[in-house]
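My notes follow, in the order I took them.

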Amino acid sequence: MKIKIYSIYLQLSIFAIASGACFAQKTEKNHLIIKPTDTPKDIVHKAAMLKPSARQLRWQQLELTCFFHYGMNTFTGKEWGDGSENPQLFNPTALDAEQWVHTAKDAGIKQVIITAKHHDGFCLWPSKYTEHSVKNSPWKGGKGDVVKEVADACKKYKMGFGIYLSPWDRNSPLYGTDAYNDYFVNQLTELLTQYGRVDEVWFDGANGEGPNGKKQVYDFNKWYALIRKLQPGAVIAVMGPDVRWVGTESGHGRETEWSVVPANNLDQNVITKDSQHDKIFKPEGDMRGSDLGGRDKIKNATGLVWFPAETDVSIRPGWFYHAAEDDKVKSPEKLLDIYYNSVGMNSVLLLNIPPDKKGLVSGADIKALQGWKKLRDETFKTNLARNATVQCVNGLRLNTMLDDDYQTYFTTSGKDTSTTITLNLKGKKSFDVLLLQENISIGQRVEKFTLECWDGKAWVKITEGTTIGYKRLLRFPAIATTKVRLSLSARLNPTIAAFGLYKQP
Ligand code: FUL
């Protein structure tokens, strides 16, 4: 199963490499063209100037989002249904979407995504366009709508709301024909118009053959244009232009995570039929390598795009609930490790929490989520650098990196791209976590950083890293010191919106 699931992502990467089309709004220029006359230095400068679109910035700041994988598979015990399942099998006895959303909120999660339709084609809302849905199930006498219940719960608890609509549909007789693209547009339209604001639309890359033996050719451009028209604030992931799959399902992102990556074939002359303002480009190159946007990767690019990473992982071994996996729910410590390796590596975490057959998030998952939240809260409650005295010969607005305002930030004067910032901690402080944030609304710039401490005689290295981006967290053996210094080198004047030192419980 794992290999199969993995293969979807492989198809996804190939899509991104070979045929990914992308839209960007004129007013939100999150992409640019490299001119043939641009030198490597010009390209680095351009990369440092690129900014996320408003929808990308909003999404990045969520940090924690979750999936609810729910549907026919919950009742059949499968991970992938083949579409022949009887709708009568879908029969939760105590479905409570408020419990799902509330559980997520209590864990610090800011946005949820419901699997409105998985690969088996079974719709969790009463779609007009198919009989394969909740309307033909015994649940609520066929009058129920899971998508609505989740959307309403999100409104009640002020949570972001997103939909997963599987392009691969193993039930639809139209799959494999042009008519399927219209069917898909109709379903997407229902989801984008009947449930209020949608904040994220999630497409994966699974692409099988229809009953006619033909592989469906997905009309992604049309779907993107529809989403932009009906829900302009929604980010489109991961077979989409706004959010990139991090490249693993382990919950671990990459150490060097650039949100600006090459977008070759960005052609300003190609105007799509759907919008005068949208342009098409094809993100190219290795979407799963260890560094996608370093100097080496961008030097031969013909275009660049802001295309940030999302790390999706399940709290359980499978994406759907299976009672046999109740004792395999990830521990709070494992979830914490995932947090450091996703959010702490310039990515947004998309943690899957699959509700059970009754229609509830099970006790084991709730316990793990609560334990995870407690560990994070205990660690991040006190920034031990908060009252430090900051010194820097070429720095501006030194103290803004210690306040709680992400908008205010430290930067360097003139054209300085590197700097050293010394923080006098006012007494000996013991810590084992470093937090750094760049103000990405200005761009992503830092390429290398080192944290050192004063041992009374000399500066001693504590930790180091490459990219920072929206957030970088590093753990190391506890250090007790009165003074630290942070050295940075960047593509352009670095920005530091937050600097923190913390002690794990
Ligand atoms: C994959 C699917 O095949 C899995 O079932 C799951 O939905 C995962 C998030 O995406 O492509």
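**Entry 1: Asp326 and its partner**

I began with Asp326, which is partly exposed at a relative accessible area of 32%. This is a predicted model, so I read each value below as computed from it. The side chain of Asp326 forms a salt bridge with that of Arg316, 2.8 Å from N to O. Both residues sit in the loop between β12 (309-314) and α10 (332-342), so the pair ties together parts that are ten residues apart in sequence. Is Arg316 buried or exposed? I found a relative accessibility of 1%, so Arg316 counts as buried.

**Entry 2: other salt bridges**

I then searched the whole structure and got 31 salt bridges. One of them joins the side chains of Lys135 and Glu131, at 3.7 Å from N to O. Lys135 counts as partly exposed because its relative accessibility is 25%, while Glu131 is exposed, with a relative accessible area of 53%.

**Entry 3: Arg472**

Next I looked up Arg472, which belongs to strand β20 (residues 472-490). Its side chain meets that of Glu255 in a salt bridge of 2.9 Å, N to O. Glu255 lies in the loop between β7 (244-245) and β8 (260-262), so this pair with Arg472 of strand β20 ties together parts that are 217 residues apart in sequence. How accessible is Arg472? I noted 3% relative accessibility, and anything under 20% is called buried, so Arg472 counts as buried.

I also checked what else surrounds Arg472. A polar atom of its side chain lies 3.1 Å from the backbone oxygen of Gly344. Leaving out residues up to four places away in sequence, Arg472 touches, among others, Met345, Leu434, Leu435, Leu436, Phe449 and Thr467.

**Entry 4: the two domains**

Which domains does the assignment give? I wrote down domain 1 (63-259 + 308-380) and domain 2 (389-502). Their centres, taken over C-alpha atoms, are 37 Å apart. I found 16 residues of domain 1 in contact with 18 residues of domain 2. Between them the domains bury about 1,500 Å², with 52% of that on carbon and sulfur atoms. Trp258, Tyr340 and Phe380 supply 41% of the area that domain 1 buries against domain 2, more than any other three residues.

**Entry 5: helix α5**

Last, I looked at helix α5 (residues 97-106), where the buried residues are Ala97, Gln99, Trp100, Val101, Thr103 and Ala104. What covers them? I listed β2 (64-68), β3 (111-117), α6 (146-156) and α11 (363-380) among the elements that do. At the N-terminal end, Asp96 caps α5, with a side-chain oxygen 3.1 Å from the backbone nitrogen of Glu98. After α5 comes Gly108, whose phi is positive, near 90°.

How values were computed: Residues are numbered from 1 along each chain as its sequence is written. This is a predicted model: local features need pLDDT of at least 70, side-chain atom pairs count only at pLDDT 80 or more; totals for chains, interfaces and linings use all residues. Side-chain values use heavy atoms; hydrogens and water are left out. Helices (H or I, at least four residues) and strands (E, at least two) are DSSP runs, numbered from the N terminus. Buried means under 20% relative accessible area, exposed over 50%, partly exposed in between (1.4 Å probe, protein chains only). A polar contact is a pair of N or O atoms within 3.5 Å; within protein, one must be able to donate a hydrogen and the other to accept it, and residues adjacent in sequence count only if both atoms are side-chain atoms. Contact means heavy atoms within 4.5 Å. A salt bridge is a side-chain nitrogen of Lys or Arg within 4 Å of a carboxyl oxygen of Asp or Glu. Domain bounds come from an automatic or database domain assignment. Buried area is the accessible area (1.4 Å probe) that two parts lose on being put together, summed over both.
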